[in-house]
Amino acid sequence: MIKTNRIGQASIHVFFWLFTIASLLPFLLIFMVSISDETSIESNGYSLFPSKISFAAYQFLFFNFSEITKAYGITIFCTITGTVLSLFVTTLMAYPLSRANLPFRRSLAFYIFFTMLFSGGMVPWYMTFVNLLHMKNSMLAMIIPGMLLSAFNILLMRSFFANSIPESVIESATIDGASEIQIFWKIVTPLSLPILATIGLFTTLAYWNDWYNCMLFIDKPALYNIQYLMTKTLTNIQYLIMKSNSSAQAGELLAKMPRETVRMALAIVGIGPLLLAYPFFQKYYISGITSGAVKG
């Protein structure tokens with residue numbers, strides 16, 4: 001029986017190791033293609049073992065290093081600021097909804113859920129932030145619109161508060177004379193690190209990968225974030241490819257420019273920092289999503 005259990009555990013470990021390796025292979029392939037020579041890609045296709053190493057794609061992307069650095073700084077600032085603000089507002093909204101004695105609790109929850117199904121439309125949304133709030137060409141335009149208050153995150157956090165925070169703990173604190181604010185900051189928040197890390201990871205991913213708000217609200221190149229800068233670079237390359245047959249000048253530029261390798265380099269530059277940060281959130285992410293998934 002013991003031998004059978006050991007064989008079963010070993011089989012499970014081997015399976016998950018193979019699954020992990022299979023999951024990492026696409027990222028490894030993207031990286032190896034990004035450091036491959038363009039001519040070898042054209043001749044042999046994608047390979048985990050390139051015949052010739054070349055960093056031309058990264059040299060092309062980082063040709064204007066100050067622009068890349070500034071775009072990274074804007075992305076990091078918007079990601080950190082937006083994540084903190086989003087967690088703050090989401091937590092303050094979700095905690096009262098988890099309390100059974102909140103007046104109109106169900107009506108408020110339905111109102112929040114309703115926003116997941118219907119929106120006011122693109123034009124009113126855009127005019128509100130541009131004409132009413134005057135966020136055009138402002139970093140606030142990459143923080144507030146559409147991301148500051150997520151109904152899904154509120155409902156997920158409300159379920160965690162309702163199912164994972166014992167009511168007896170809150171009642172005990174109330175008997176001891178603690179106010180609602182003290183209960184929230186000193187008791188509920190420390191016990192909610194898993195769901196805070198989970199929602200924080202969701203929000204961080206959303207802010208880091210956002211290029212759409214930058215495209216809509218930002219006209220000044222000095223305020224471009226890294227994702228929109230990469231998107232614009234890829235669009236310019238695709239434009240040159242389309243014009244290479246009709247324009248001799250575009251064909252000459254395209255001949256000197258990495259095409260396939262730069263696409264992969266764009267992916268590495270855009271997602272690299274998140275891949276390094278994700279392992280630190282993983283254990284909280286699993287715990288938070290499991291607890292918050294219970295229906296409340």
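Proline 194 is placed in helix 10, where helices are DSSP runs of H or I with at least four residues, strands are runs of E with at least two, and both are numbered from the N terminus. With a relative accessible area of 17%, proline 194 is buried; buried means under 20% relative accessible area, exposed over 50%, and partly exposed in between, for a 1.4 Å probe and protein chains only. The C-alpha atoms of proline 194 and phenylalanine 160 are 9.4 Å apart in space, although the two residues are 34 residues apart in sequence.

The model is predicted, so that local features need pLDDT of at least 70 and side-chain atom pairs count only at pLDDT 80 or more, while totals for chains, interfaces and linings use all residues. Residues are numbered from 1 along each chain as its sequence is written, and side-chain values use heavy atoms, with hydrogens and water left out.

The protein has 14 helices and zero strands. Of its 296 residues, 35% are buried. Among the contacts in the protein with a separation of 6 or more, 74% join residues 24 or more positions apart, contact meaning heavy atoms within 4.5 Å.

Serine 192 lies in the loop between helix 9 and helix 10 (193-209). Its relative accessible area is 1%, and serine 192 is therefore buried. Apart from residues up to four places away in sequence, serine 192 touches Phe160, Phe161 and Ile165.

Threonine 189 belongs to helix 9 (residues 180-191). A polar atom of the threonine 189 side chain lies 2.7 Å from the backbone oxygen of phenylalanine 184. When residues up to four places away in sequence are not counted, threonine 189 touches Phe184 and Leu196.

Two packed helices are described by the angle between their axes and the distance between the axes. Helix 4 (residues 65-98) packs with helix 9 at an angle of about 115°, and their axes are 12 Å apart. Axes are lines fitted to C-alpha atoms, for helices over the stretch in contact, and angles run from 0 to 180 degrees between N-to-C directions. Helix 4 contributes Phe88, Thr91, Leu92 and Tyr95 to the contact, and helix 9 contributes Glu180, Ile183, Phe184, Trp185 and Val188. The residues of this contact comprise seven nonpolar, one polar and one charged; Ala, Val, Leu, Ile, Met, Phe, Trp, Tyr, Cys and Pro count as nonpolar, Asp, Glu, Lys and Arg as charged, and the others, Gly among them, as polar.

Most residues other than glycine have a negative phi. Histidine 134, which is not a glycine, has a positive phi of about 55°. Histidine 134 is located in the loop between helix 6 (122-132) and helix 7 (151-164), and counts as exposed because its relative accessibility is 61%. Asparagine 137 also has a positive phi, near 55°, and is a residue other than glycine. The loop between helix 6 and helix 7 holds asparagine 137, which counts as partly exposed at 23% relative accessibility.

Technical notes. Polar contact = N/O pair within 3.5 Å; in protein donor to acceptor, adjacent residues only side chain to side chain.
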